[in-house]
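Here is a short briefing to read alongside the sequence and the 3D view. Keep the picture open and look for each part as it comes up.

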Amino acid sequence: MSLYIKQIEELILLQRIDDEIVHLQQVIEDAPQKVATKEHQLQLQKDQEKELLDKIDVLREQEKKLTKEIDEDNAKIKKSKNKLMMVENSREYHAMMREMDNLEKTNRMREEEKMALEEDLESQNSILSSIQSTAQGLEEELQEMRQNLEVQLEQAKSRLKELKDERSQATKDIPKPILSRYEFIRSRLNNPVIVGVEEGVCSGCHISIPPQTFIELQKGEQILSCPNCQRLIFWRNHFAPEEVAAQEEAG
């Protein structure tokens, strides 16, 4: 194996390691946010639950007040009916009848209001039940998420340590000037850093490279960069098809 091919393979291996490091760092960074998002969803449900419970309490107090007023007026009506038999003149009789009519009319209005309140209470309790069910589901999801994330984070941190050791080994045999170019490109461009060239086209930016650059690339004597995107490039024909496929899949 030529030194050139060996260096290309070392760079591709380094890129593979770096890609996994970036992925794991993102996993570790995103984990608290995922928990925070679920906690926020749960808190919204609990806020809605509290708001509904307060509303239900108000409706129940109104219902209780109406029931008391209806009962009191019914007692007055009953008492008036008993007194009606003892009335001695028509004037007093008609006065009591008007009072009873007013009480009965008021009570009918209260009964209608009470029925509307009961319907509203039933509706609010139904909504409350749905919110409480959703909140319970979110609490279970949150608990499971915390447990799973704890395991995932532990695994990610462990693997990250392994990868950093692997990276140290992978960079040992890469010449410093080439490694510096790799690090410089990686710090400024999206992945991948090193890409294959086929039929004179860079697979990183999908633009044809100059003919003279392509001729130099085919010689396989030095690590070149794409003049357009500045990524490191290699000629795919220097590798077996399965090697190229593995490299691109890893990238």
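How many bridges join β1 to β4, and do these strands run parallel or antiparallel? There are 4 bridges between β1 and β4, and the two strands run parallel. Two strands are said to pair if DSSP finds at least two bridges between them. Please keep in mind that this is a predicted model, where local features need pLDDT of at least 70 and side-chain atom pairs count only at pLDDT 80 or more, while totals for chains, interfaces and linings use all residues. Residues are numbered from 1 along each chain as its sequence is written, and side-chain values use heavy atoms, with hydrogens and water left out.

**The whole chain**

- The secondary structure comes to 5 helices and 4 strands; helices (H or I, at least four residues) and strands (E, at least two) are DSSP runs, numbered from the N terminus.
- Reading from the N terminus, the elements follow the order α-α-α-β-β-α-β-β-α.
- The radius of gyration of the chain is 40 Å, whereas a compact globule of 251 residues would have one near 18 Å; this radius is taken over C-alpha atoms, and the globule rule is 2.2 Å times the number of residues to the power 0.38.
- Along the principal axes, the C-alpha atoms fill a box of roughly 130 × 40 × 30 Å.
- Of the 251 residues in the chain, 33% are buried; buried means under 20% relative accessible area, exposed means over 50%, and partly exposed is in between (1.4 Å probe, protein chains only).
- The accessible surface is about 16,500 Å², and 50% of it belongs to carbon and sulfur atoms; such areas come from the Shrake-Rupley method with a 1.4 Å probe, and for residues only the protein chains shown count as cover.
- Among contacts with a separation of 6 or more, 72% are between residues 24 or more positions apart; contact means heavy atoms within 4.5 Å.

**The sheet**

- The 4 strands form an open sheet in the order β2-β1-β4-β3, with mixed pairing.
- β2 (201-202) and β3 (224-225) are the edge strands, each pairing on one side only.
- β3 and β4 (residues 232-235) run antiparallel and are joined by 2 bridges, with S225 standing opposite L232 in β4.
- L232 in β4 is also the bridge partner of I194.
- β1 is mostly covered, as 4 of its 5 residues are buried.

**Helices against the sheet**

- α1 packs on the sheet and touches β1 (194-198) and β4, and its direction makes about 125 degrees with that of β4; axes are lines fitted to C-alpha atoms, for helices over the stretch in contact, and angles run from 0 to 180 degrees between N-to-C directions.
- Helix α4 (residues 211-219) lies across β1, β3 and β4, and runs at about 65 degrees to β4.

**The hairpin and two positive phi values**

- β1 and β2 pair in the antiparallel sense over 2 bridges, and V197 has C202 in β2 as its bridge partner.
- These two strands form a hairpin with 2 residues between them.
- Most residues other than glycine have a negative phi.
- E199, in the loop between β1 and β2, is not a glycine but has a positive phi of about 55 degrees.
- E199 counts as exposed because its relative accessible area is 72%.
- H206, in the loop between β2 and α4, also has a positive phi, near 60 degrees.
- H206 is exposed too, because its relative accessible area is 62%.

**Around the start of the chain**

- S2 is found in the segment before α1, and a relative accessible area of 37% is why S2 counts as partly exposed.
- A polar atom of the S2 side chain lies 3.2 Å from the backbone nitrogen of I5.
- S2 and G220 are 218 residues apart in sequence, but their C-alpha atoms are 8.8 Å apart in space.
- E10 lies in helix α1 (residues 3-84), and E10 counts as buried because its relative accessibility is 11%.
- The side chains of E10 and K6 make a polar contact (2.4 Å); a polar contact is a pair of N or O atoms within 3.5 Å, where within protein one must be able to donate a hydrogen and the other to accept it, and residues adjacent in sequence count only if both atoms are side-chain atoms.
- Not counting residues up to four places away in sequence, E10 touches D173 and I174.
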